[in-house]
Amino acid sequence: MDSIHIRGGVTLQGKVRIQGSKNAALPILAASILTKEPSCIRNCPRIADVYRMLSLLNSLGCEVSWENDGIRICAGNICSGDMPKEAITGMRSSLCLLGAMTGRCGEVVMEHPGGCVIGERPIDLHLWALGQMGVAFEEAGGRLYARAEELHGAYIELPIASVGATENILLAAVMAQGDTVICGAAREPEVVALCRYLQCCGACIEGVGTGLLRICGGRKLKGADFRVPADRIVAGTYLFGCMITGGNVFLEEAPAGEMGSVLRLAESMGTQCDLAQEGIYVQSVPRPILPSAIRTAPYPGFPTDLQSMALAVMTVGEGKCLVEENIFENRFRVVEPLRAMGADISVLDSRRVLVKGVERLSGRDTEALELRGGAALVLAGLRAEGETRIQGCGYIYRGYENISRDLRELGARIISV
Ligand code: EPZ
């Protein structure tokens with residue numbers, strides 16, 4: 001099932017449960033190898049990237065099994081890692097095994113992860129930071145060889161609040177001898193979730209949720225039973241799906257506390273968001289009012305992963321909006337397909353587009369080029385007149401358990417074929 005067909009024009013109504021967070025689950029699964037005791041990671045989303053991570057962990061010698069709503073992982077017998085090629089190059093998020101494997105085994109060999117369509121995605125900060133902790137790297141034949149004779153703590157000042165680099169440093173630091181300080185650490189909720197899991201395993205981490213983390217290394221970690229928080233990006237996706245159709249929905253388990261910038265944007269566009277104990281009630285207006293500008297930024301700023309979906313909503317709003325992408329250098333791939341559906345979007349430069357709201361979009365055959373741009377096309381199809389058929393939906397399934405099922409629960413006329 002690589003395509004999604006949508007007949008637009010339906011106002012979303014009803015309730016949908018938000019899945020567990022992809023970007024929290026993946027580093028936590030990697031972190032589970034830091035102890036020989038079994039862990040149970042609950043509420044993991046059943047998505048392609050999680051399945052790939054589990055297969056990779058299994059290939060390293062981990063015992064992995066799904067049990068009810070959790071994944072049981074035991075890394076008692078893992079060997080030093082020579083990771084399969086397709087694991088890394090096909091899934092950048094397995095890069096966090098670099099820190100975990102050097103922490104656990106003192107060495108790892110992996111394919112150098114390339115960039116992807118949203119940007120070059122370098123790993124210089126990962127290598128530089130782990131190098132300060134005693135990890136030696138060699139690159140040969142497109143492969144990266146990492147070895148740490150003796151992993152030690154360090155004072156690391158990150159010039160960019162890189163989520164992945166922060167996670168890799170954390171995974172090595174809990175195993176290193178001595179203390180590590182990360183100044184300029186990423187503050188994303190997914191980093192917080194990783195810290196919470198590591199603390200459940202017995203790690204000593206101070207400053208969680210801030211840009212200054214202190215890790216006391218060298219503690220023997222134990223297994224933990226941990227629940228992955230709900231996915232703020234999936235919740236934001238369905239929030240924008242409600243807005244683009246002028247609907248009223250309840251986002252069950254949506255992590256409102258992690259969505260401040262998203263909720264503020266929605267409310268500035270005329271949407272009413274009421275927080276409840278177990279989720280968010282969303283009431284939209286028939287046509288959103290466009291803010292003059294939105295800019296993506298590291299957390300707690302507006303998340304880059306929701307930029308494409310916000311852009312889709314903007315295409316049918318009243319007014320015009322400057323959209324500025326400040327995290328990745330090529331995250332406007334969805335502009336052309338949206339234009340083909342009738343959107344009025346001008347590309348000002350590689351980081352900025354100007355969108356002017358139009359009355360209607362027209363459904364058509366189109367193609368997803370990456371995960372979040374694909375989700376944005378689904379949202380556009382919900383609003384567009386007629387049928388929209390999206391190819392290349394394998395990208396979307398990497399991050400969404402079942403976007404067609406979820407949106408059908410809200411009344412959309414959508415099927416995966
Ligand atoms: C994580 O990617 C997420 N992926 C991304 O989500 C998310 O968009 C991104 O963080 C930003 O929030 C996962 O968690 C699996 P970064 P990551 O390192 O860690 C530059 C999705 O759709 N940089 O915070 O790769 C980099 O080029 C995905 O779910 C360096 O220059 O992002 C970018 O411009 C997409 N050198 C900026 O930092 C480095 O060594 C932020 O990247 C590392 C990063």
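Start with strands β11 and β13 (residues 212–216), which pair in the antiparallel sense over five bridges. Strands here are DSSP runs of E with at least two residues, helices are runs of H or I with at least four, and both are numbered from the N terminus. Two strands pair if DSSP finds at least two bridges between them. Select T180: I215 in β13 stands opposite.

This is a predicted model, in which local features need pLDDT of at least 70, side-chain atom pairs count only at pLDDT 80 or more, and totals for chains, interfaces and linings use all residues. Residues are numbered from 1 along each chain as its sequence is written, and side-chain values use heavy atoms, with hydrogens and water left out.

Next, select β10 (residues 155–157). Its partner is β11 (residues 179–183), in the parallel sense, over three bridges. I156 faces I182 of β11 across this pairing.

Go to helix α4 (residues 97–104). Eight of its eight residues are buried, meaning under 20% relative accessible area, with exposed over 50% and partly exposed in between (1.4 Å probe, protein chains only). Among them are L97, M101 and R104. After α4 comes G106, with a positive phi near 85 degrees.

Two asparagines come next. N43 sits in the loop between β3 (39–42) and α2 (48–59). Its phi is positive, near 60 degrees. N68 lies in the loop between β4 (63–67) and β5 (70–74). The phi of N68 is also positive, about 55 degrees. N68 is exposed, at 75%. Most residues other than glycine have a negative phi, and most peptide bonds are trans.

Select Y299 and P300. The peptide bond between them is cis, with omega near 10 degrees. P300 belongs to the loop between β18 (293–295) and α10 (307–314).

Finish with the cysteines. The structure holds zero disulfides (pairs of cysteine sulfur atoms within 2.5 Å). For C321, the nearest cysteine sulfur is that of C273, 17 Å away. C321 is buried, at 0% relative accessible area. C393 is buried too, at 0% relative accessibility.
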